[in-house]
Amino acid sequence: MMISSGSFFRCSVAALLVSSLSACSFLFTTKPRPRDANSPPGPVECTSSKALPIVDSSVVLGESIFLIAALARDDDSFGKQGVNRGLYIGGTSVVAAVFLASALYGYDVTSKCQVRKGQAPDTKAPSSPGGFPAPDEDRGRRSRDPDPWASLVASGAQPPDVPKTVAGFSFAATVAEAEKTCTATQRAWDLRGRIGRCSPKVEDSAAETARLEFELGKLSKIVILHQPAQDAFNKDYDKLDGKLRVRYGKPQVPRAALSDECAASLVECMKRGETPAGSKWFLRAGRIELLPTWRDDRAFIEERYTREEPPSE
Amino acid sequence: MSPESVARSILLGVLGLVVAVANIAFWMFVVIRGQQRFQRLVERRFNVVIEIGHKGHWRVSGGASWLRRLAIEFLQLGYFMTAFLVWAAAMLAVVGLFSLAEP
């Protein structure tokens, strides 16, 4: 099949335009973060899917075809189109080289990630220094995973919903609104990336720290960090669990039974690296979790409120 | 008018309607669902908060450097440019199809 010079150039320019918009793997693959030897175990946050390097590879393939076609043509056929052959070949080569590098980088990152995930499939993300935690791992539910909302649907009962406001913060608030709420309660506001932190200005203050996660520009997750004294930790954990059970009923995922050591002192048990799983309530438009956590050498009880739509299938 | 040309005219009308509906559906997806998914992807990748500002412009916060803001600006532009190119390619195919059915 013969392709006319005009359509050849039109196709080439279109391909150049599309491909020069981005090098997928460079932009969208996430490297596994190096893990500190002393950090607690956690899920590996990185890109394991090969989709992006495959997209890059296909761009390299497409550019190579245009490059070969351009090399096979003489200067005259380029001249008729008013295109500089050298410039065209140079441009195509540069784009192909950028995408080749991006593809190689992408394959390297994804294979390293797959290895890391294979070695530590059920671990938790390490927290970042300075008491500023990384976002909680919210892995998307796969179709073969059990539907946590299924029991709600089966029961036919109208379940309670996630509160619209938690500790003064409204879901769907913007960053500016959340900051205003925080500073209005005489607490310090700090935003790093998608995570906002509203903490008491005085360390010993009775006010609690709130960690706020934003998604699509709106507040989507509110975490209240309780930090009871070591001797009152287990009692406060039970009290909070009881309070949530009264309000939201029996959790769909009850908290794990505590070992003898943890039952004696949760703080000591978490210090040794044990992290007992907490309770989870799946509600109409979100979920609530209550769990003990160990971050930056301190024990916390995290009360997490997340707004999300139940999966539609 | 021959029966064949009547049939072709009807076919063109039906095709036109289908294209009109598909066109609306495509741009609705690009502007609403697609953009939302892309926004979420960019937010997670670059660890920033993106709010929708004036006329759909992305407003970035969360301590991003000016270079990152610029990159995100281009990504939003790139998203719509890609959608436009896909749309243009589909339109070319549709025009070709229409010319085949022309009475």
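How many helices and strands are there in chain B? Chain B holds two helices and two strands, and from the N terminus on its elements run α-β-β-α. Helices (H or I, at least four residues) and strands (E, at least two) are DSSP runs, numbered from the N terminus. This is a predicted model, in which local features need pLDDT of at least 70 and side-chain atom pairs count only at pLDDT 80 or more, while totals for chains, interfaces and linings use all residues. Residues are numbered from 1 along each chain as its sequence is written, and chains are lettered from A and ligands numbered from 1 in the order in which they are written.

**The sheet of chain A**

- Seven strands of chain A form an open sheet in the order 3-4-5-6-9-8-7, with antiparallel pairing; two strands pair if DSSP finds at least two bridges between them.
- Strand 3 (187-192) and strand 7 (279-283) of chain A stand at the edges with a single partner strand each, so one side of each has no neighbour in the sheet.
- On average, neighbouring strands of this sheet are turned by 20° against each other, direction ignored.
- Strand 5 (residues 209-215) and strand 6 (residues 218-226) of chain A run antiparallel and are joined by seven bridges; in this pair of strands, A:Ala210 stands opposite A:Ile224.
- Strands of a sheet pair through backbone hydrogen bonds, either parallel or antiparallel.

**Helices across the sheet**

- Helix 7 (residues 175-184) of chain A lies across strand 3, strand 4 (195-200), strand 5 and strand 6 of chain A, and runs at about 155° to strand 3 of chain A.
- Helix 8 (residues 233-248) of chain A lies across strand 6, strand 7, strand 8 (286-295) and strand 9 (298-307) of chain A, and runs at about 175° to strand 8 of chain A.
- For these angles, axes are lines fitted to C-alpha atoms, for helices over the stretch in contact, and angles run from 0 to 180 degrees between N-to-C directions.

- Helix 1 (residues 3-46) of chain B has 44 residues and reaches 60 Å from its first C-alpha to its last, close to the 64 Å expected at 1.5 Å a residue; the expected span is 1.5 Å times one less than the number of residues.
- A kink of about 40° in helix 1 of chain B is centred on B:Gly34, the bend being the angle between axes fitted to the seven residues ending at a residue and the seven starting there.
- B:Gln39, B:Val42, B:Glu43 and B:Phe46 are buried in helix 1 of chain B; a residue is buried if 20 or more other C-beta atoms, placed from the backbone, lie within 10 Å of its own.
- Just after helix 1 of chain B, B:Asn47 takes a positive phi of about 50°.
- Strand 1 (49-52) of chain B and strand 2 (residues 58-61) of chain B pair in the antiparallel sense over four bridges, with B:Ile52 opposite B:Trp58.
- In the hairpin of these two strands, which has five residues between them, B:Lys55 takes a positive phi near 55°.

**Where the chains meet**

- In all, 18 residues of chain A are in contact with 20 residues of chain B; contact requires C-beta atoms, placed from the backbone, within 7 Å.
- Helix 1 of chain A supplies the largest share of the side of chain A that touches chain B, three residues.

Conventions:
Contact = placed C-beta atoms within 7 Å. Buried ≥ 20, exposed ≤ 12 C-beta atoms within 10 Å, placed from the backbone.
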